[in-house]
Amino acid sequence: KLLGYANPFVKINGYRLTYQNIIKFKLSTKGFRPTISIQFIDPDDMFDADFPKDGDLIEVYLRSPNNEKFKKIRIDFDIITISAVPQNSGTNYNMKGIMKIPDLLSDITLGYPSESSYNHLLEVCDALEIGFASNITDTTDQMPRFNAKNTIQEFIHKTVETSYKDETSFFTSYVDLWYYFNFVEVNKCFQTEGAL
């Protein structure tokens, strides 16, 4: 019941970090995908035989004291940078990671028949096996779309940038902490009752 509640539960390459050894932990939703920054001490040199490398996993689990108000967070991060400084008390590690979404950065050729950008993005999310959430129900920009020699992420960004609903709509997108791709019509957010 207490796992991930008082402190983040973190595993790297299968090794569990104790909360006493975590110096700094930062989970950020700034940008297209969530990122993590973690600093910890390894007093037992458990990574000597299996040193973390770029692309290895940081597994994170966080739990709220109020499960009805805040959902649990369970994310895998690909390590993108790592540094290690030996000290008397053990090795001090600094790692940064980005949410792991298989095939997102793959160069996969895609071709979709004439449909709206909304439906094309929905199909991409199905292929990536991530969720889809939006504050609209469709766009009015039916056309065929192709992705050649670009990553899936680039295709998503270009599709969002060129999405059209009407003269007052503009869009942004991001992946949230629960692996949902959010396709947001920004102007609609400002028209919500009670919005500043």
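Predicted model: local features only at pLDDT ≥ 70, side-chain atom pairs only at ≥ 80, totals over all residues.
K26 has its place in strand β3, which covers residues 22-28, and together with K24, K30 and K96 it forms a positive surface patch.

Stepping back to the whole chain, we find three helices and twelve strands, and the C-alpha trace spans about 60 × 45 × 25 Å along its principal axes. Of the 196 residues, 41% are buried, while the accessible surface comes to about 11500 Å², with 52% of that belonging to carbon and sulfur atoms. Among contacts with a separation of 6 or more, 59% are between residues 24 or more positions apart.

Now to the charges, of which the chain has 20 positive and 26 negative, with their mean positions 6 Å apart. How many salt bridges does a search of the whole structure find? The search finds six, and I will go through some of them. One joins K53 to D56, with the closest N and O atoms 3.4 Å apart; here K53 is partly exposed at 44% relative accessible area, whereas D56 is buried, at 16%. Another is between D76 and R74, at 2.7 Å from N to O, and R74 counts as partly exposed, with 39% relative accessibility. A further one links D166 and K165, at 4.0 Å from N to O, where D166 is partly exposed at 27% and K165 is partly exposed at 31%. Finally, salt bridges with shared partners join E59, R74 and D76 into one network.

Notes:
Residues numbered from 1 in each chain as written. Heavy atoms only, no water. Patch = residues over 30% accessible without salt bridge, like charges linked within 9 Å, V, L, I, M, F, W, Y side chains within 5 Å. Areas by Shrake-Rupley, 256 points an atom, 1.4 Å probe, with all protein chains shown as cover. Salt bridge = Lys/Arg side-chain N within 4 Å of Asp/Glu carboxyl O. Lys, Arg positive; Asp, Glu negative; His and termini not counted. Charge placed at Lys NZ, Arg CZ, Asp CG, Glu CD. Helix = DSSP H or I, 4+ residues; strand = E, 2+ residues; numbered from the N terminus. Buried < 20%, exposed > 50% of the residue type's maximum accessible area, 1.4 Å probe, protein only. Contact = heavy atoms within 4.5 Å.
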